[in-house]
Protein chains: 2
Amino acid sequence: MKICHKYRVPIVPFSGGTSLEGHFIQTRNGITIDFRNMGEIIQLHQDDLDVVVQPAVGWELLNEYLEQYGLFFPPDPGPGAEIGGMIGTGCSGTNAARYGTMREWVLSLTVVLADGTIVKTRQRPRKSSAGYNLTNLIIGSEGTLGIVTEATLKLAVLPQETSVAVASFPSVKQATQAVQEIVRKGIPVAAVELLDKEMMKCINAAGQTSRDWREEHTLFFKFGGTPNGVKEQIKETRNVVKQFGSKSFEFAKSQTEREELWEARKEALWSTLAMGGDNDSCWTTDVAVPVSRLSEVVSETRADMDRSGILGTIVGHVGDGNFHAFILYNDTNKHIAEGIVHRLVERAIAMEGTCTGEHGVGMVKRPYLETELGKEAVDMMRRLKLALDPLRLLNADKVC
Amino acid sequence: MKICHKYRVPIVPFSGGTSLEGHFIQTRNGITIDFRNMGEIIQLHQDDLDVVVQPAVGWELLNEYLEQYGLFFPPDPGPGAEIGGMIGTGCSGTNAARYGTMREWVLSLTVVLADGTIVKTRQRPRKSSAGYNLTNLIIGSEGTLGIVTEATLKLAVLPQETSVAVASFPSVKQATQAVQEIVRKGIPVAAVELLDKEMMKCINAAGQTSRDWREEHTLFFKFGGTPNGVKEQIKETRNVVKQFGSKSFEFAKSQTEREELWEARKEALWSTLAMGGDNDSCWTTDVAVPVSRLSEVVSETRADMDRSGILGTIVGHVGDGNFHAFILYNDTNKHIAEGIVHRLVERAIAMEGTCTGEHGVGMVKRPYLETELGKEAVDMMRRLKLALDPLRLLNADKVC
């Protein structure tokens, strides 16, 4: 059992998959936070569509629990992520196109500040204008302002009907233009994900899905709503992808087909990893741009990776203008991977975008915050940090 | 022309309907902010579904402008409200049931801090995890942390089809229970508004609508979506209201009928005002509770107003558990109105609710912030205030 004495520990912002078992944190005024027991679902308020949970509850487990009540928690980042880490990074996932990010799905937090003060940021109503938005100040602060010990989450009602569709395109430009048109028309797709040609090749090569895929730039769609609503969404989406030169359009007619068609999306990261050798690591990064710049930023990034001589794949929550690059590297060519990432971030910022859409700033992207937002905004963040944690004890030297 | 010297002016948080013409604010480092020219729509990014505006743009004018592009800005508070005031209070309106509040519809702000620093809180992508959420710290801060000079707002695509329906109920309990069921079932109504029996009586008495109304507790619904989607929503809503004893259910079959049916909702405040004499004032207040407590809080408030002997009406954005009370009073019976308001606030807080769902804290509700959130949360707000405005120059003695 590891006791983290006082503050001078790098407070883990409960990031995806991190087990907190055996972790204690003792605050200056003697309160001990015991994270061994931080994996409880405390209370479901079925009629209010909210649930109170502890930070080490995983979003997948939470959704398994909620299914029996016909409810779900929309943010769906990588497998294994826990609510605390999702709050820390202000993450999202594939459902963000329809449902938004963590910032929209947390009602209230219990937070331990650096001086040991315990703050409950808000009561439970869906709406409140009572004072400063402390909840949203903590979301995305990466453990630098306080330690979250409890969260009240908003829930959504499971749609009556869901479906999945897949469309492949001759070029990244046509695929991303189709996405821009879907956004502009307001077709309420639950998710729209881009897997580029290299990604589709990796998925076939890894052979972890039950079928083979066209090795083309591919869009994966999720639909949800009433039965007629879903039919209408599929019809409108089919029209748009056709207009932008899609070579194929398949949609699921059963639960089995839904799972089969979504399999490739689920296997994206693992398939890229499977292409690496024993000495290879995978650099995962993300940026976001206004949707009108999506085509440009993805095309330029694809070309940059092709020129580099190392394997890079692109997977995107493109309905939000957000995408990930997965880059395989080793000790010999790490500088090439770094070059791709830094050029990607600079490219996104130059297009009025952000250095991170859902992963957070951490250490690597810290120097870019000033490029993106200006010295004044970063200084404002530092003033807030120092107001709440003057000794810089919580997750020091991160974010700002 | 009025020059506001330095900071010691009550900085108007651009509240609804306030004309800013002729207002200047001079910051300590000599920057003069000229609010005469703060009513411009600066740039529409049609493909990104966002628009850059100045704070004195009214939401109704903005939506008139956006209609030609098939777009709209969802938050719809009282007539005359301007974007700056809507940011100041973190307001919402009838559309919040479907679309959420200002907190969800502002991408980025340009803010002048108390020391004259100009901060742009964020770039334009739909999604970002880059640093602390400065945008949402400013929204709802009622002008106490900085002065907003520009805002980038998210926009929604106008639904293909819209409709309106009206259902009346024998009791407040049945009406609110129907709302709870609609929320629980996840029927995606764009708005669901309660006008209580007293309110409907005032509307008939004021005679400002083109028809007479049943003097019963009444729910007004707005629907939006594809033609089939709207039909489905109306059908499901009709089933629910019937199940909870609705005596009538009418829905609009044309644009004219839509406007006619929504007229009563639009005339609510004016109709209550029309019932007052020359010496009467109208106290407008709001609270919000978790939806499961709605029936209880509205019933108890109705009974309290009935006992008081003065006229009070209830109008609610009940889909969010949020409602307003309009209370007529004069110099003689002001203490009775105060009593109703204070009991209402205490009742809502005791039900895990908030002292204000969309109006903000200001001065009257300031003592309740600690009751609602605890001393620790209010102290945290004060630390943030002092970090950004150590001399308490901006809208002093408000909020926290």
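Biologist: What makes the crossing of H11(B) and H12(B) right-handed or left-handed in this predicted model?

Modeller: The crossing of H11(B) and H12(B) is right-handed. A crossing receives that name because the near helix is turned clockwise from the far one by less than a right angle.

Biologist: Why are H11(B) and H12(B) called roughly antiparallel?

Modeller: The two helices, H11(B) and H12(B), pack at an angle of about 165 degrees, and their axes are 10 Å apart. Angles over 145 degrees count as roughly antiparallel, and H11(B) and H12(B) are therefore described in that way.

Biologist: Which residues of H11(B) and H12(B) meet?

Modeller: From H11(B), the residues are Val297(B), Glu300(B), Thr301(B), Asp304(B), Met305(B) and Ser308(B). They meet Ile336(B), Ile340(B), Arg343(B), Leu344(B), Arg347(B) and Ala348(B) of H12(B). In general, an α-helix has 3.6 residues a turn, so residues three or four places apart point the same way.

Biologist: How do you know that the span of helix H11 of chain B agrees with its number of residues?

Modeller: Helix H11 of chain B has 15 residues, 294–308, and at 1.5 Å a residue it should span 21 Å. Its end C-alpha atoms are 21 Å apart, so the two values agree. The helix H11(B) is followed by Gly309(B), which has a positive phi near 85 degrees.

Biologist: Which residues of H11(B) are buried, and what covers them?

Modeller: The buried residues of H11(B) include Leu294(B), Val297(B), Val298(B) and Met305(B). Among the elements that cover the buried residues of H11(B) are helix H6 (172–185), helix H7 (197–206) and strand E17 (322–329) of chain B.

Biologist: What makes strand E7 of chain A mostly covered?

Modeller: Seven of the seven residues of strand E7 (106–112) of chain A are buried. Buried means under 20% relative accessible area.

Biologist: How do you know that E7(A) pairs with strand E9 of chain A?

Modeller: Two strands pair if at least two bridges are found between them. E7(A) and strand E9 (147–154) of chain A have six bridges, in the antiparallel sense. One of the bridges links Ser108(A) to Thr152(A) in E9(A). Three bridges also join E7(A) to strand E8 (118–120) of chain A, again antiparallel. E7(A) and E8(A) form a hairpin with five residues between them, and Gly116(A) in the turn has a positive phi of about 90 degrees.

Biologist: Why are strands E4 and E8 of chain B called edge strands?

Modeller: Five strands of chain B form an open antiparallel sheet in the order E4-E5-E9-E7-E8. Strand E4 (41–45) and strand E8 (118–120) of chain B each pair on one side only, and they are the edge strands.

How values were computed
Residues numbered from 1 in each chain as written. Chains lettered and ligands numbered in written order. Predicted model: local features only at pLDDT ≥ 70, side-chain atom pairs only at ≥ 80, totals over all residues. Heavy atoms only, no water. Helix = DSSP H or I, 4+ residues; strand = E, 2+ residues; numbered from the N terminus. Expected span 1.5 Å × (residues − 1). Buried < 20%, exposed > 50% of the residue type's maximum accessible area, 1.4 Å probe, protein only. Contact = heavy atoms within 4.5 Å. Axes fitted to C-alpha atoms, helices over the stretch in contact; angles between N-to-C directions. Parallel < 35°, antiparallel > 145°, perpendicular 65-115°, else oblique.
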